[in-house]
Amino acid sequence: MDQFMQAAIDEARLGLAEGGIPIGSVIVHKGRIIGRGHNRRVQQGSAIRHGEMDAFENAGRQPASVYREAVLYTTLSPCAMCSGAILLYGIPQVIIGENRTFMGEEAWLRERGVTLEVLQDAACVQLMEEFIAARPELWNEDIGE
């Protein structure tokens, strides 16, 4: 297991332990995590605090040059909002834990030149399958359904 995807999975598990949705993300620049986060919509009563958005927030202000050299790791395929942030900040590469339980805006990201790698990681799939089965109403709220 890649250490950075493992860090994203650890974030997802932390979110679940806090009573939230188990999606985690880290932003890596030159081999170092500069931002980490997990979905905190439930914990913070937030409309926008998805895992990727939390990682951006926790990375703080960064020059565009840093983001243009960064890799974003996320346990789940990024939604439209998170994909927009990826494009806005010019992240060139995204490593996705899985897209079986939810297919985000991967085609849009690829069309805009972002390199994607989908791992179909068993731990990521299991986290989401178990969560969706246990809390379908919360999951539907998170994806806007």
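Biologist: How many of the residues of β3 are buried?

Modeller: This is a predicted model, in which local features need pLDDT of at least 70, side-chain atom pairs count only at pLDDT 80 or more, and totals for chains, interfaces and linings use all residues. Residues are numbered from 1 along each chain as its sequence is written, and side-chain values use heavy atoms, leaving out hydrogens and water. Buried means under 20% relative accessible area, with a 1.4 Å probe and protein chains only. Strand β3 is mostly covered, and the buried count is five of five.

Biologist: Which residues of β3 are buried on each side?

Modeller: In a regular strand, side chains alternate between the two faces of the sheet. Both faces of β3 are covered. One side has Ala70, Leu72 and Thr74; the other has Val71 and Tyr73.

Biologist: In what order do the five strands form the sheet?

Modeller: Strands are DSSP runs of E, at least two residues, and helices are runs of H or I, at least four, numbered from the N terminus. Two strands pair if DSSP finds at least two bridges between them. β1 and β3 pair antiparallel over five bridges, while β3 and β4 pair parallel over four. The sheet is open, the pairing is mixed, and the order is β2-β1-β3-β4-β5.

Biologist: Which strands are the edge strands?

Modeller: An edge strand here pairs on one side only. Six bridges join β2 to β1, and these two run antiparallel. The edges are β2 (32–38) and β5 (115–118).

Biologist: What is the bridge partner of valine 28 in β3?

Modeller: Strands pair through backbone hydrogen bonds, either parallel or antiparallel. β1 and β3 take the antiparallel sense. The partner of valine 28 is valine 71.

Biologist: At what angle to β2 does α3 run?

Modeller: Axes are lines fitted to C-alpha atoms, for helices over the stretch in contact (heavy atoms within 4.5 Å), and angles run from 0 to 180 degrees between N-to-C directions. Helix α1 (residues 3–17) runs at about 25 degrees to β2. Helix α3 lies across β1, β2 and β3, and its angle to β2 is about 130 degrees.

Biologist: Which helix gives the largest share of the lining of the largest pocket?

Modeller: On a 1 Å grid over the protein atoms alone, a pocket is an open set of points where a 1.4 Å probe fits, with protein on both sides within 12 Å along at least five of seven lines; lining residues have an atom within 4 Å of a point. The lining includes Met53, Phe56 and Tyr89. The largest share, three residues, comes from helix α3 (residues 51–59).

How values were computed: Buried < 20%, exposed > 50% of the residue type's maximum accessible area, 1.4 Å probe, protein only.
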